[in-house]
Structures are given as structure tokens and as C-alpha cells.
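Q: I would like a close look at a single part of this model. Please treat the packing there in a connected way.

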Amino acid sequence: MEGRTFSVIANSQTSQTVHLDSSLPQGSTLGPLLYLTYASELQEVAERHGVAFHSFADDTQLSKSARIEEVHIAKQAVIDCVLDIEQWNSWHRLKLNAAKSEVIWLGAQQQLTRLSQADMILQRKNSVLQPSAVVRNLGVSVNEQLSMDDNARHCAKTCFYHLRRIRQPRRHIDYDTLYTLIRALILSRLDYCNSLLVCSSQLTLCRLQRVQDAVARLLCDAPPRLHVSPLRQRLH
């Protein structure tokens, strides 16, 4: 893209303006695609270590499956892969952000209990990556057993927060405006990646059902203890 300039502002001082020969503005449509093209060699680095690779824009995920007896071999392969990726980044003027890197061990509870805390720690150079019980992947919270309960709990908490904010001006807005707010702030969160809820526990589904029931009561201006099934049918 032509005609773009670059400068840095620090402590109220602006650096000299530099004219860029090639660049893309942050947030552009082509940005993620061109970045993936630029960083496509990262997949070859991961494959050399037998590590699965998945990337979305600048968010890269590495995974390695192994039996419990082969954990140390698999962990060393991931560590070597991360070190090679860090070296590749330095060659290509990129930086691996260790502060935003997370590690999670996925497996059955009986298998995870056989691993010590030292087994789960990833040591790379001068930094240590502690294992996390829950990580977020493109806005979805995943725990060690791949249960969606943590994601449902976080979604319900966020939805009820917005519902409380919407209730405050409820008497001063019409139905169409109310529905627009609910669709943008509540229903969009309930619908996001909801296919992952297949085979979820009844407890997980109930958390989200309570949000939907609260939405139905708010839209119909119904009292809190009114049976909600007729309201859901009316609202489809």
C-alpha cells in the first residue's frame, strides 16, 4: 500500500517521519492473510519436531499427543519446537511473546493425576511456562477435560452483567431497541460456538438456559417468578 508514513511518539516527543515502501494498516482485511503467508514456514518448523501446528492470524497453537509413559519425550519435542520458532522469529523480525504464552495438559482426570507438577512445567531458556487449568481459544474457555462448563460459566456471568445494565433504561426504550440491545449483547454470546455444547452436561446447559429465561422475562416485561416456558414459546 503506497502513501503511508510511520513515526513514534514517546514522552510527548515525535520522531522523524519515515515514508514506508510497503505496509498494511492495522485491522485491515488483508492483514491476517498476508501475515499467514509471511509466517507459513512456521508449520515446517513444527513438523520437523513432530508437533501439530495450527494458526489463526498471529495466534499460533502447538499440540503434541503422547501416552503417559512418553510424556517426557513429547514435552522435550514441544520445548525444542518452541526454541526453534523463537529463533525463526528473530530471523524474520518477529517476537515470541512469552507473557501471552499458555500451556494446558488435556486428558482424563485419572491420567492427569499421574503427572507431577514438575512434569507439567515447560522450561525454555530463562522463562518457565506454568500449566493452566483453563485457557481461552478464540474466545472459548477450555479446561483440562475439554469440558464447556468454564466457558458456560464465563458466558453466563458476562450476559447477566449486560442484562443488569439493560434493565436500568428499560422503561425509557421501545421494544425494538430493547431487542436490538439483547441481540447484540446477549444472544450473540449464547450463539457463539454453540455447536461445541454438544454432549455437554445438564449443569452446563442449565447455566445458559437461565440466561435465556432471564432474557425472555425482560423482553416480555414479566415478573421474576413467572413460569418462563410460555414466554419462550411466544418469542420462538
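Leaving aside its neighbours within four places in sequence, which residues is Tyr175 in contact with?

A: The model is a predicted one. Tyr175 is in contact with Leu219 and Leu235, once its neighbours within four places in sequence are left aside. Tyr175 belongs to helix H7, and because its relative accessibility is 40%, Tyr175 counts as partly exposed.

Two packed helices are described by the angle between their axes and the distance between the axes. For helix H7 (residues 175-191) and helix H8 (residues 202-219), the axes come within 11 Å and cross at roughly 175°. An angle over 145° counts as roughly antiparallel, and H7 and H8 are therefore roughly antiparallel to each other. On the H7 side, the residues that meet H8 are Tyr175, Leu178, Tyr179, Ile182, Ile186 and Leu190. Their counterparts in H8 are Leu208, Val211, Val215, Leu218 and Leu219. By class, the residues of this contact of H7 with H8 comprise 11 nonpolar, no polar and no charged.

H7 also packs against H6. The axes of H6 and H7 are 9 Å apart, and the angle between the two helices is about 170°. That angle makes H6 roughly antiparallel to H7. From H6, the contact draws on Cys155, Thr158, Cys159, His162, Leu163 and Ile166. From H7, Leu178, Leu181, Ile182, Leu185, Ile186, Arg189 and Leu190 take part. The residues of the contact of H6 with H7 divide into 10 nonpolar, two polar and one charged.

Helix H6 (residues 149-167) can be considered on its own. Its 19 residues should span 27 Å at 1.5 Å a residue, and its end C-alpha atoms are 27 Å apart, which agrees. The buried residues of H6 are Asp149, Asn151, Ala152, Cys155, Ala156, Cys159, His162, Leu163 and Ile166. These residues cover an arc of only 150° around the axis, which puts them on the same side of H6. An α-helix has 3.6 residues a turn, so residues three or four places apart point the same way. The partners of the buried residues of H6 are strand S10 (140-143), H7 and H8.

At 1.5 Å a residue, the 18 residues of H8 should span 26 Å, and the end C-alpha atoms are 25 Å apart, which agrees. Buried in H8 are Thr204, Arg207, Leu208, Val211, Asp213, Ala214, Val215, Ala216, Leu218 and Leu219. The buried residues of H8 pack against H6, H7 and helix H9 (229-235). After H8 comes Asp221, with a positive phi near 55°.

Arg207 is in helix H8 and counts as buried because its relative accessibility is 18%, where buried means under 20%. Apart from neighbours within four places in sequence, Arg207 is in contact with Asp149, Ala152, Arg153 and Ala156. Among these, Asp149, Ala152 and Ala156 are buried residues of H6. Arg153 also lies in helix H6, but at 36% relative accessibility Arg153 counts as partly exposed. The C-alpha atoms of Arg153 and Leu205 are separated by 10.0 Å, with the two residues 52 places apart along the chain.

Most residues other than glycine have a negative phi, and most peptide bonds are trans. Leu146 is not a glycine, yet its phi is positive, about 60°. Leu146 lies in the loop between S10 and H6, and its relative accessible area of 55% makes it exposed.

In summary, H7 is roughly antiparallel to H8 and H6 is roughly antiparallel to H7, while the buried residues of H8 pack against H6 and H7 as well as H9.

Note on methods: Residues are numbered from 1 along each chain as its sequence is written. This is a predicted model: local features need pLDDT of at least 70, side-chain atom pairs count only at pLDDT 80 or more; totals for chains, interfaces and linings use all residues. Side-chain values use heavy atoms; hydrogens and water are left out. Axes are lines fitted to C-alpha atoms, for helices over the stretch in contact, and angles run from 0 to 180 degrees between N-to-C directions. Helices (H or I, at least four residues) and strands (E, at least two) are DSSP runs, numbered from the N terminus. Angles under 35 degrees count as roughly parallel, over 145 as roughly antiparallel, 65 to 115 as roughly perpendicular and the rest as oblique. Contact means heavy atoms within 4.5 Å. Ala, Val, Leu, Ile, Met, Phe, Trp, Tyr, Cys and Pro count as nonpolar, Asp, Glu, Lys and Arg as charged, and the others, Gly among them, as polar. The expected span of a helix is 1.5 Å times one less than its number of residues. Buried means under 20% relative accessible area, exposed over 50%, partly exposed in between (1.4 Å probe, protein chains only). The arc is that of the directions from the helix axis to the C-beta atoms.
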